[in-house]
Amino acid sequence: MQTVRVALADRSYPIYIGERLLARAELLTQHMPQRRAALITDSVVAPLYLEAFARTLAAAGVNVTSVVVPTGEQHKDWGTLNTIFDALLANRCERKTTLIALGGGVIGDLTGFAAATYLRGVPFIQVPTTLLAQVDSSVGGKTAINHPQGKNMIGAFYQPLAVLADTTTLNSLPQREVSAGLAEVIKYGLIRDSAFFAWLESNVDALIARDAAALAYAIQRSCENKAEVVAADEREESGARAQLNLGHTFGHAIEAGLGFGVWLHGEAVAAGMVIAARVSQHMGLIRADEVARIETLLERARLPIAAPDLGLARYMQLMGTDKKVEGGKIRFILLRGIGSAFLTADVPHSALAAALTTSVKHD
Ligand SMILES: NC(=O)c1ccc[n+]([C@@H]2O[C@H](COP(=O)([O-])OP(=O)(O)OC[C@H]3O[C@@H](n4cnc5c(N)ncnc54)[C@H](O)[C@@H]3O)[C@@H](O)[C@H]2O)c1
Ligand SMILES: [Zn+2]
């Protein structure tokens with residue numbers, strides 16, 4: 001087992017990464033203020049892991065309440081959040097009852113927001129079961145639900161007490177979800193870690209084949225990168241944390257424009273990172289051969305590199321409601337080469353228009 005620490009003073013916490021960690025209740029109980037937990041999961045993960053996991057916790061003396069919500073991004077909303085609150089209240093969950101998110105990023109974001117607001121805040125532990133959640137969404141304390149007008153528009157910063165990433169759970173993941181997770185892995189290489197990007201170029205086939213050692217290294221390196229960024233800028237104030245959103249302004253527009261759940265989040269981010277790279281290229285910041293390397297790696301990870309054709313006007317409208325809008329100006333994460341990202345509001349419309357029109361797939 002590897003342990004990566006997120007250093008946030010009194011809110012610091014460990015990320016445990018390894019095989020068959022779901023069977024190790026002590027990793028969680030040592031962080032729980034009371035032997036009482038509410039396990040929140042979804043309708044796909046429940047039949048795979050809920051019963052055994054709940055039994056493991058019960059054997060460690062934990063009184064467990066389980067809440068199962070429907071799977072899917074389209075359920076990351078107020079309605080589902082309310083069913084979680086209903087269950088917590090019906091089962092008389094208290095201030096010291098720990099909410100445990102067992103599932104992908106949707107469950108992590110929903111449960112985290114529920115934990116931040118139920119009784120004004122209760123303990124929270126992340127048990128991510130998708131690659132995307134293990135490398136990204138379970139770490140860093142961003143929690144949210146979607147609004148029909150935009151992704152993740154309602155939420156809170158709320159750090160977990162611990163993250164338990166059991167890599168064995170990835171064996172049941174559909175191949176498309178593995179690729180979607182790799183989009184965020186590749187993102188870390190692009191924004192701040194060119195050596196990791198090169199490692200990914202050599203190991204992407206092993207990752208796609210779910211080689212355990214390759215996956216463990218990719219998860220560890222991703223969590224180390226994310227932990228460093230979050231420790232430097234927890235609440236996205238200095239611009240450092242915003243770099244984690246490379247490709248996301250475009251990606252969120254794709255997700256919202258097509259309707260949540262049509263493209264997976266990681267797929268939209270992959271196409272969005274290509275648009276960001278091309279905007280950077282139009283501004284003379286990154287060379288054509290580097291853009292080609294980015295596209296090749298994403299394609300080898302079986303990710304889309306062409307965005308859906310929503311039309312330039314619709315893209316601009318959708319991006320206007322992104323959270324990175326400040327003083328009415330859309331802010332973008334661009335690349336000065338592989339391994340170096342920066343935040344800017346100074347993007348000529350011509351570069352955006354050129355990148356958006358050359359990056360779409362015409363059918
Ligand atoms: N909070 C953050 O910092 C942050 C960062 C990145 C992404 N996100 C959010 O994360 C979400 C995407 O997360 P995701 O890709 O994990 O999606 P997801 O939670 O929808 O999971 C994908 C699918 O896999 C299923 N699943 C989960 N674990 C499984 C397993 N082990 N075996 C088989 N099936 C399994 C789920 O039921 C779901 O159907 C988006 O809502 C995105 O906004 C949040
Ligand atoms: Zn993301």
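Helix α6 passes helix α7 in a left-handed crossing, a crossing being left-handed if the near helix is turned anticlockwise from the far one by less than a right angle, and right-handed if clockwise. The model is predicted, so local features need pLDDT of at least 70 and side-chain atom pairs count only at pLDDT 80 or more, while totals for chains, interfaces and linings use all residues; side-chain values use heavy atoms, without hydrogens and water. Residues are numbered from 1 along each chain as its sequence is written, chains are lettered from A, and ligands are numbered from 1 in the order in which they are written.

The angle between α6 and α7 is about 165 degrees, and their axes lie 8 Å apart. Axes are lines fitted to C-alpha atoms, for helices over the stretch in contact, with angles from 0 to 180 degrees between N-to-C directions. The two helices α6 and α7 are therefore roughly antiparallel (over 145 degrees; under 35 counts as roughly parallel, 65 to 115 as roughly perpendicular, the rest as oblique). On the α6 side, the contact (heavy atoms within 4.5 Å) includes Val 178, Leu 182, Val 185 and Ile 186. Residues from α7 include Phe 196, Phe 197, Leu 200 and Leu 207. By class, this contact of α6 with α7 has 11 nonpolar, four polar and one charged residues. Ala, Val, Leu, Ile, Met, Phe, Trp, Tyr, Cys and Pro count as nonpolar, Asp, Glu, Lys and Arg as charged, and the others, Gly among them, as polar.

Helix α7 (residues 194-208) also packs with α11 (residues 288-300), at about 20 degrees and with axes 9 Å apart. Hence α7 and α11 are roughly parallel. Their crossing is left-handed. Phe 197, Leu 200, Glu 201, Val 204, Asp 205 and Ile 208 of α7 meet Arg 293, Ile 294, Leu 297 and Arg 300 of α11. Six of these residues are nonpolar, none polar and four charged.

The zinc ion (ligand 2) is coordinated by Glu 184 (OE), His 248 (NE2) and His 265 (NE2), at 1.9 to 2.1 Å. Donors are N, O and S atoms within 2.8 Å of the metal (3.2 Å for Na, K and Ca); water is not among the atoms, so sites may look incomplete. Glu 184 lies in α6 (residues 175-192) and His 248 in α9 (residues 248-258), so the pair ties together parts 64 residues apart in sequence. Helices (H or I, at least four residues) and strands (E, at least two) are DSSP runs, numbered from the N terminus. Both Glu 184 and His 248 are buried (under 20% relative accessible area; exposed is over 50%, partly exposed in between; 1.4 Å probe, protein chains only).
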